[in-house]
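Please have the coordinates open while you read, and check the pairs as you go.

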Amino acid sequence: MADNITMESITEHERILQEIESTDTACVGPTLRSIYNDQPNAHKRFMDKLDARIRNHDREIEKMCNFHHQGFVDAITELLKVRTDAEKLMTQVTDTNRRLQEAGREVTAQTEEVIRCRIQQRNMTTTVEKLQLCIPVLEMYSKLKEQLESRRYYAALKTMEQLENVYIPRVSQYRFCQIMAENLPILRDEIKEISMSDLKDFLESIRKHSDKVGETAMRQAQQHRTFNSAVVRQAGVGHYTKPLYSLNGQTQPHNSLMMDDDAEYDDYADDEILTAQDLVDFSPVYRCLHIYTVLGDRETFENYYRKQRKKQARLVLQPQANMHETVEGYRRYFNQIVGFFVVEDHILHATQGLVTRAFTDELWNMALSKIIAVLRTHSSYCEDPDLVLELKNLIVIFADTLQGFGFPVNRLFDLLFEVRDQYNETLLKKWALVFREIFELDNYSPIPVETEDEYKLVVSRFPFHDAEIEKQDFPKKLPMSQSVPQIYMQVKEFIYASLKFSESLHRSSTEIDDMLRKSTNLLLTRTLSCCLQNLIKKPHIGLTELVQIIINTTHLEQACRYLEEFITNITNVSPETVHTTRLYGLSTFKDARHAAEGEIYTKLNQKIDEFIQLADYEWGMTESDGRASGYLMDLINFLRSTFQVFTHLPGKVAQTACMSACKHLSTSLMQMLLDTELKQISMGAIQQFNLDVIQCELFASSEPVPGFQGDTLQLAFIDLRQLLDLFMVWDWSTYLADYGQPTSKYLRVNPATALALLEKMKDTSKKNNIFSQFRKNDRDKQKLIETVVKQLRSLVSGMSS
């Protein structure tokens with residue numbers, strides 16, 4: 001068993017030694033470790049085995065050395081022999097090398113030069129190749145700089161795009177390309193800032209040019225309208241003083257009624273017509289739009305542009321405070337607005353999406369509301385009809401101009417109807433002054449005509465026809481005063497002035513006819529009527545003037561139908577048309593005539609009152625003077641001469657005036673008797689008063705104004721006559737017996753009136769007849785008076801109950 005173990009150990013040690021001999025030294029570790037992991041004393045046995053193996057190798061090495069020692073000695077001997085030859089050879093080689101080095105030094109130098117040149121050539125070739133790659137980049141960058149300097153920003157952006165996408169990537173490894181690439185965004189920002197600055201300059205410039213652009217556009221619209229009007233006139237449509245109306249009801253202006261601005265605008269007819277593109281350089285807008293589009297920031301640009309234009313629109317729509325004072329103020333206002341929207345219309349059609357139709361419509365609607373509000377406010381300040389008419393003409397041209405660019409303007413034409421009312425108001429104020437001046441300068445006497453030419457002149461101005469007057473020889477007088485033909489002519493002038501406003505409003509002839517008639521009615525019923533009423537109320541207008549005013553209004557009333565014919569001839573609208581408005585001049589002149597008649601009655605009564613105030617009765621006189629009072633005779637003479645003038649009055653005016661005067665005189669005399677301040681009246685005063693009343697009755701019976709039937713005029717004094725007869729006859733028994741009977745002789749005597757007068761006489765009897773109580777007749781009379789007074793009082797009490 002032990003022998004087997006020993007044999008195995010020897011075999012294992014042999015294997016390990018072979019492995020050590022054949023294995024790399026670095027890998028011996030695991031092999032040696034296996035020795036210690038083996039059986040006990042294995043290490044010692046291995047060391048013994050290893051020593052044996054070393055001794056075995058030493059013996060082999062010694063055998064090998066002994067075997068080769070002679071050969072080694074021989075080799076050394078041979079080597080010593082060769083040494084001398086080797087030294088000689090070394091000397092020769094060294095010498096040869098020296099000579100070769102000396103001979104090749106020049107070649108070496110030339111070779112180095114060739115190598116250097118080859119390197120240079122290679123570098124140059126490489127440089128050329130690289131430069132050929134870089135030159136296009138540099139050229140493009142130089143081109144970019146030139147484009148920036150020449151302000152060709154859109155082209156510069158395209159160049160930048162090529163540099164970034166094509167050229168710079170080819171040579172991106174070079175620093176200058178990196179610098180270029182870093183500079184390009186900066187240049188883009190600069191281009192954006194510059195283009196935006198140009199746009200701001202453009203927006204500022206367009207504000208200054210809007211006036212000229214608008215003026216040019218409105219001039220073109222006016223020339224177009226003038227040309228169309230000329231074509232229509234050449235076609236032979238229309239009348240000598242009437243506006244032209246086409247079959248579709250649209251109005252075409254006539255040359256005699258053309259707008260006042262036509263001449264001004266026609267001054268430019270031969271000038272070269274400039275467009276918005278000629279007056280405004282739109283390149284900054286296009287350039288900025290393209291730049292922002294290329295930069296991918298178009299929306300920002302569009303928003304900025306629209307925002308700024310909205311601000312400018314608000315500024316343009318803000319009028320000057322004194323715009324309403326002159327037509328130039330309105331013209332500048334309209335020119336600026338037209339210029340603004342002409343520019344926007346051009347931008348709308350020249351660019352794609354910078355502004356949209358919805359945006360321009362929004363701006364226009366906003367502007368239209370502001371324009372209408374401004375015009376309403378400022379036109380209300382205007383009191384000159386010529387200025388209002390010029391404003392209307394400007395509004396028409398303004399509307400036609402913008403309508404030509406596709407903007408809706410119906411609201412402007414609706415506004416013109418409001419302006420028309422304002423125009424009519426200013427016309428009415430102007431004509432009120434004209435009428436007032438005519439009335440102030442009138443002499444209120446019939447128009448004298450010395451010759452037939454003078455007569456024809458008056459008749460040509462006023463439609464007067466009277467067969468009797470025409471038969472009279474010259475010189476003769478026409479019944480109306482000089483204000484009548486002047487008023488008639490001024491009414492016609494007013495109709496012409498009102499017609500001017502109706503031109504170019506695109507209204508039918510029926511509508512224009514209605515406008516003319518309504519405005520003429522306002523002139524007659526308001527302005528002329530007010531002037532007549534004021535004239536009639538003036539204190540310096542006397543009875544003669546009032547009579548002439550009544551005659552004048554009669555003739556003006558008769559002339560109203562000629563005014564209707566005049567309007568019909570202008571508008572060609574038949575008066576039989578269902579909706580035709582009638583002139584109210586008849587009522588106007590009738591009202592004025594009635595007012596004049598009333599004023600005549602009032603002034604007559606005032607004059608009568610003035611004469612009555614001159615009365616100076618001696619109420620305590622014992623007997624009358626036997627003749628009428630002087631004041632009353634003067635009054636009757638005045639009335640007689642006045643009523644002679646009244647014979648020219650139409651109708652029953654003179655009769656009414658005469659009756660009114662007699663009634664007022666009767667009432668005034670009655671009030672004089674019954675005056676509460678008058679305490680006592682004698683029978684002599686009654687007799688004197690009776691003489692005055694008799695003169696009044698004689699005047700009434702003399703028929704101062706023809707046309708009264710029987711004693712109609714005398715009935716004005718019937719109350720006084722019956723009262724005086726009662727006291728003069730002292731017929732109290734009859735009065736008291738017949739009181740209340742229709743057939744009573746003293747039917748018009750009121751008990752209260754009789755009582756008041758009787759008490760005044762009673763007091764007089766007591767005062768003047770202190771001793772009359774001692775005379776039987778006087779006592780009886782006094783008792784009778786007291787009895788009558790009691791009975792009258794009872795009658796008065798019965799009436800009041």
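1. E328 is partly exposed, because its relative accessibility is 35%, a class that lies between buried (under 20% relative accessible area) and exposed (over 50%), with a 1.4 Å probe and protein chains only. R331 counts as buried at 6%. The two side chains meet in a salt bridge of 2.6 Å, N to O; the term means a side-chain nitrogen of Lys or Arg within 4 Å of a carboxyl oxygen of Asp or Glu. Both sit in helix α10 (residues 327-350), 3 residues apart, so about one helical turn separates them. Helices here are DSSP runs of H or I with at least four residues, strands are runs of E with at least two, and numbering starts from the N terminus.

2. Before going further, a word on the basis: this is a predicted model, where local features need pLDDT of at least 70 and side-chain atom pairs count only at pLDDT 80 or more, while totals for chains, interfaces and linings use all residues. Residues are numbered from 1 along each chain as its sequence is written, and side-chain values use heavy atoms, with hydrogens and water left out.

3. Helix α3 holds another pair 3 residues apart, D95 and R98, about one turn of the helix. D95 is partly exposed at 28% relative accessibility, and R98 is partly exposed at 39%. Both belong to a salt-bridge network that also links R99 and E102.

4. In helix α20, K607 and E610 are 3 residues apart, about one helical turn. The closest N and O atoms of their salt bridge are 3.5 Å apart. K607 is partly exposed at 30%, as is E610 at 43%. The structure holds 27 salt bridges.

5. What does N552 touch, leaving aside its neighbours within four places in sequence? Its contacts (heavy atoms within 4.5 Å) are D442, M480, S481, S483 and V484. N552 is found in helix α18 (residues 543-558) and is buried, with a relative accessible area of 5%.

6. L556 lies in helix α18 too and is buried at 9%. Not counting residues up to four places away in sequence, L556 touches F462, V484, I487 and F589. L556 and V484 are 72 residues apart in sequence, yet their C-alpha atoms are 6.8 Å apart in space.

7. Areas follow the Shrake-Rupley method with a 1.4 Å probe, and for residues only the protein chains shown count as cover. F72 is in helix α3 (residues 42-149) and is exposed at 52%.

8. For the whole protein, there are 27 helices and 4 strands. Of its 801 residues, 42% count as buried. The accessible surface comes to about 43,800 Å², with 52% belonging to carbon and sulfur atoms. Among contacts with a separation of 6 or more, 78% join residues 24 or more positions apart.
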